[in-house]
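Here is a short tour for a reader new to this structure. Take a look at the sequence and the fold, then read on.

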Amino acid sequence: IWMNMLLSQADFVPISSMSGLMGVIRKAQARVWAGPQAWMFWLYSYRAGDTVVATETQVRHYDVHNGLTSMPEVPNVPYLDVLATRNSTNGDLVLFVANRDTKNAIPSTLRLQGFSAAAQAQVDTLAADSLATENSGDHPDTIRPVTSSQTVTGNEIRYEFPKLSLTVLTLKRR
């Protein structure tokens, strides 16, 4: 969600710090492994296009009450946070979808306008069973991207976004 915000505001945010996203590479007892944050950075680094594309999201919302003392009430937070980018070199359209829901997958229909997609989209999913799930020296691949494909029918994609996930859909131009 943080990366979606940074990319969508790239013309306004010239630089950002990773200090809140530490734990990218972990080490203990002569073992080194990637944390989920490293995989998230990898997905954005290797999949994001160079141009942000407008999106419209219609999804359930929730309200944040009694958060941190320095934060006001936050109404109407969408469960799915969506960012679309286009690669000006190869024409790919890439959607980054973060599911904030800690308990439920969210079935969705994505409708494309102004883009004629090939029949299959590449899907990279980074997901966890709970907020406490992490990679460790004994289990370094508990959270890592899983690649699959998804059928594109006309201008629609039907996909169920897993709970606590980042899903990256890469669509090639038809």
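## Around Asp-50

Leaving out residues up to four places away in sequence, Asp-50 touches Arg-86, Asn-87 and Ser-88. Contact here means heavy atoms within 4.5 Å. Asp-50 sits in the loop between helix H2 and strand S3 (51-53). Helices (H or I, at least four residues) and strands (E, at least two) are DSSP runs, numbered from the N terminus.

Asp-50 is exposed, with a relative accessible area of 52%. The terms are these: buried is under 20% relative accessible area, exposed is over 50%, and partly exposed is in between (1.4 Å probe, protein chains only). Asp-50 and Thr-89 are 39 residues apart in sequence, and their C-alpha atoms are 8.9 Å apart in space.

## Basis of the model

This is a predicted model, in which local features need pLDDT of at least 70, side-chain atom pairs count only at pLDDT 80 or more, and totals for chains, interfaces and linings use all residues. Residues are numbered from 1 along each chain as its sequence is written, and side-chain values use heavy atoms, with hydrogens and water left out.

Helix H2 has twelve residues, 36-47. At 1.5 Å a residue, H2 should span 16 Å, and its end C-alpha atoms are 16 Å apart, which agrees. The expected span is 1.5 Å times one less than the number of residues. Buried in H2 are Ala-38, Trp-39, Met-40, Phe-41, Leu-43, Tyr-44 and Arg-47. What do the buried residues of H2 pack against? They pack against helix H1 (2-8) and strands S1 (25-28), S2 (31-34), S7 (93-99), S9 (117-127) and S12 (165-173).

Gly-35 lies in the loop between S2 and H2. Gly-35 is buried, at a relative accessible area of 2%.

## Two nonpolar cores

A nonpolar core is a set of buried Ala, Val, Leu, Ile, Met, Phe, Trp, Tyr and Cys residues joined through side-chain atoms within 4.5 Å. The largest has 20 residues. Leu-95, Ile-157, Phe-161, Leu-169 and Leu-171 have the most contacts inside it. Strands S6 (80-86), S7, S8 (106-111), S9, S11 (156-161) and S12 each give two or more residues to this core. Apart from it lies another core, of 18 residues, among them Val-24, Phe-41, Leu-126 and Leu-166.

Beyond its neighbours within four places in sequence, Phe-161 has contacts that include Leu-80, Val-97, Asn-99 and Leu-169.

## The second largest pocket

The second largest pocket holds about 730 Å³ of space. Its lining has 25 residues, and Thr-55, Glu-56, Leu-110, Arg-111 and Leu-112 lie nearest its centre. On a 1 Å grid over the protein atoms alone, a pocket is an open set of points with protein on both sides within 12 Å along at least five of seven lines, and lining residues have an atom within 4 Å of a point. Points are joined across faces, edges and corners, and the volume is the space filled by probe spheres set on them, with a 1.4 Å probe.

S6, S7 and S8 each give two or more residues to the lining. S8 gives the most, with six residues.

## Positive phi

Most residues other than glycine have a negative phi. Asn-76 has a positive phi of about 55 degrees. Asn-76 is in strand S5 (residues 74-78) and is exposed, at 53%. Leu-164 also has a positive phi, of about 45 degrees. Leu-164 is in the loop between S11 and S12, and at 15% relative accessibility Leu-164 counts as buried.
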